[in-house]
Amino acid sequence: MTFRFQLMACLSLWSFAVVNAVDEDGVVRMLVTRQEYDCFQPWQKSAPTQASGYAFSVGGGRFVSTETLLRNHTLVELQRVRSGTKLRAVVELTDPQVNLALLRLDAAAETAFPELALAERLERGDSVSILQFDDTLELQRLDARAVQVLVERLPHAPYSTLTFRLLVDINVSGEGAPVVSSEGLAGLIFKYDGNARIASMIPHPVIRAFLDDARHAPYRGVASAGFTWTPLVDPATRRHLGAPSEDEGVLLLSVLPGTGAEGVLKSGDVILSCEGFAIDNLGFYQDPDFGRLAFPHIVKARRRPGDSVTFRVVRGRTQQTADVRLQRWRDELALIPENVEGRRPPYLVEGGLILREVSGRYLRAHGNDWTRRVDLHLVREYLTRSRQPDFSGERVVILQGVLPHEINVGYQEFRNQVVTAVNGAPVTNLMDVFRSVEEHGHLRSLRLRSMGVDLVLDEREIATANRRLALTYGITEPQYGHTQ
Amino acid sequence: MSTAKPRTLVAVLLGAALCLPAVRAAPRRRSAFHASVVKIHVTHQKWDYALPWQMRRPTNGTGTGFFIERRRLLTNAHVVSDARYIEVQKDGDDRRFPARVQYVAHDCDLAILSVDDPRFYEGVKPLAFAPRLPRLDQMVTVLGYPLGGHRLSVTRGVVSRIDYGLYAHSGVDHHLVLQVDAAINPGNSGGPVLESGRVIGLAFQGLSRADNIGYAVPLPVIRRFLRDIEDGRYDGYPELGIRFLDTRNPALRRKLRLPDRYGGVAVYFVDPFGSAAGTLREGDVLLAVESHRISGNGNVLMDGANVLFLELLERRLWGEQVTFEIWRDGASIEVPVALRNPPDPFVYRNLYDERPRYSVYAGLVFAPLTREYAKTLNRNAVNANVQQIFYFIGGHAKTGEWHRDREEFVVLIRRLPHAVNTYADPFLHGIVERVNGQSVRRLEDVRSALDSAVEGCHELAFLGMDARLVLDADAAQSAHASILGRYGISAERHYGDDP
């Protein structure tokens, strides 16, 4: 009996220690109102929606949460534990590549929030607690255990980041919920699968790097070497490429134009090591902190944009080293940018013809069966070379559709067709279109891919038609974006 | 703009899955048609384009046919496609007679059967064709053997519409269609549509998710088919092979310097495999065809109705010539176009009675791109190789100039798993560009290039893929025969029935 009592006392003491490591007043509920640009009529916005999640204080009136929760926000409000008061906050910085956002309280509303200190370490198997609010606005602690450490692609990020998977007892009620260990803040939740009871967490090293970066402007972001790769297990292919052993090295598939790897690495290279870390044939290396991890983590977490890293590669059956200058991957480098953040896309409406560039967001806006609904040429371009333009600045410019009016009689059935020339001059992106339209005053003619005849608009009528079309179809802004 | 619009048309062939209840014959008065409209019993068996060395399971179906002059039995092509055994049976006659396909036209879904046994023709009275197409709202009768019973069925309705539409059997061809509101159900296929006792069409397809819409192959299409086979061979419809834009837009007209008195359509794409290749050019405006003025919408006035000008070419036979009046370089000229075109390997029709071509090596199955193969894939898959297949099936081979480098697309359609090819899955459904450095222009090239391994390896490059498929040449060679045996492949290749 005595023994049992002692055990109970021990347990409660331990729990007490966990809560004390972080001050619960550092956790806030976050209410976000969001509104996106209408994917098909980009001069207007769709209906606003609301979402809620969590953020945690990092001191100085600043908070951290996920980028996905704050994407396209129009209003952000924070709520303390046990309080109905909503405090307005403004977003200072977001980075979709690590799915993190930094916000601060609006000056007028500023009140003191204790800082949640970041933990120094977390390992596979460790017990942690997830902090969230219950229905009475009381802080609730969910027991969880770290079951997996991996380098995976965050929702819509261009490449992978270090994450942890947690096994959870009770449902997690929102993104951004902080995860604490006995040492402090271990990470924040960005995804939860209720069926498997698995929560995905952005861990403390990623948050720490983000905060350090944010403190020293300009924000540099996460580094990228600028190539795509695949595991290289097949012994026949390995022999063919001259890989030195059975289990060392992965295959470089393509080098992305405009990145530091261009001209340094080549498709067909076998990458044996990065910064001295040996890479196995599935792409893993032994990380001093986290054990076996996918090798992009070396570049993402151990190096920064502007640094140089050394790869050891096999090319043409001989080993050599290659130094790649790292930079941050920019969506604008792609042939078909993703536009994950849902920024307002540049477009032009002239004579009822809607011209824009293709983005991943635009394609997917056609629904889950978008591959059936979009012109097959666009589907193929997206799936085979969205990140590989033939030259820097190349984009896929399309005639999205035609708003019917007398001026465009005969052209009204064209939809999602690639535009190759405007006013007689070839175009490779929407900037070219803007420039040409600026130069000629109007969009006078348009050439579509594999079409030997231009679509022509009446120059004498176009100004009147534009005014008419703007009124009829409610086009508040006929152009967004401009020549630089 | 002329593009095929997606519709869901269903061939009204009665499948074996629909169990027909046994109904006792009631005494009835025989009409004149009983002896002319027959039931066709067919056993079909399709080639399996996913396992191209073998066939799918046989299925049974029924359709309708009717006698026309010269002891010909007219029906739909889809009733007798992929047929292994055909029997015909007259209404009220217990006997079934074996029949064979004499002519088949997949592009307009018509076929003629013949029966060797002379007893079959006893008491038969051929149906006569009407002199012309009926008007809208005229009463029509449909005869046939649809589901729901065994004996001849008669339904009645009116002509609802005469239009230009897709023939679902080939999946790509468009011709005149006759729409009626008389019930047309599975099993009616091949049956006559009569107006005042004379044939004006042949029931052939319905529209899913619609009521009282049945389609018939109209008189002009049947007549054209009969004229085509007069020389003992069916040649089919020649393709003009152009895409065009209407010229209603005043700015476009000014750019083309087209006088106000003309209508016409502007040619913006000339198919290298079409009849127009070499004669018509991009930028030409077609003003008239065979002295029929083409309007700015692309229509001509024919028999008092406005129809798309292509319909005028529809009635022409292979090899005939039509004269276009065109506007080119600011002047009107006449251009004769011979309606004949070379076989076009980049048009993907539904295939029937065609043994698939393929070759197998070391468990990798290669086949030319066909619509039948594409049907085995998931259209919604977010997979670059699969979507590339649909890209080419959808007609982009020619707009992207891909056709210049090859006679056909060759696809890695399947992997028969074995240690030698265990890492080949990422390449499935990819289009083979090169094997051991040699360009693959047609199926045969794959196997011949595999005779020359490079440094003990075979290297296969695929369209739109950076990675290469590498096989150990010796291991592949020694595994080849055992893979054929293990997976029951009777022949390692079939290159076609032609020598």
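**View 1. The second largest cavity of this predicted model, with a volume of about 70 Å³.** Here a cavity is a set of points, on a 1 Å grid over the protein atoms alone, where a 1.4 Å probe fits but cannot get out, and lining residues have an atom within 4 Å of a point; grid points are joined across faces, edges and corners, and the volume is the space filled by probe spheres set on the points. The lining consists of B:Leu176, B:Pro220, B:Val221, B:Arg224, B:Tyr237, B:Glu311, B:Glu314 and B:Arg315. At least two lining residues each come from α2 (219–228) and α4 (310–314) of chain B, and α2(B) gives the most, with three residues; helices (H or I, at least four residues) and strands (E, at least two) are DSSP runs numbered from the N terminus.

**View 2. The largest cavity, which holds about 80 Å³ of space.** Its lining includes A:Glu36, A:Tyr37, A:Asp38 and A:Cys39, together with A:Arg343, A:Arg356 and A:Arg361. By class, this lining has four nonpolar, three polar and five charged residues, where Ala, Val, Leu, Ile, Met, Phe, Trp, Tyr, Cys and Pro count as nonpolar, Asp, Glu, Lys and Arg as charged, and the others, Gly among them, as polar.

**View 3. The interface of chain A and chain B, which bury about 3,600 Å² between them.** Of this buried area (the accessible area, 1.4 Å probe, that two parts lose on being put together, summed over both), 58% lies on carbon and sulfur atoms. A:His240, A:Leu376 and A:Arg380 supply 18% of the area that chain A buries against chain B, more than any other three residues. The contact (heavy atoms within 4.5 Å) takes 43 residues from chain A and 42 residues from chain B.

**View 4. A salt bridge between A:Arg239 and B:Asp472.** The closest N and O atoms of this pair are 2.5 Å apart, and across the interface of chain A and chain B the rule, a side-chain nitrogen of Lys or Arg within 4 Å of a carboxyl oxygen of Asp or Glu, finds four salt bridges. On the side of chain A that touches chain B, the largest share, six residues, comes from α8(A).

Residues are numbered from 1 along each chain as its sequence is written, with chains lettered from A and ligands numbered from 1 in the order in which they are written. Local features need pLDDT of at least 70 and side-chain atom pairs count only at pLDDT 80 or more, whereas totals for chains, interfaces and linings use all residues; side-chain values use heavy atoms, with hydrogens and water left out.

Notes:
1 Å grid on protein atoms, 1.4 Å probe; cavity = no way out; pocket = protein on both sides within 12 Å on 5 of 7 lines; lining within 4 Å.
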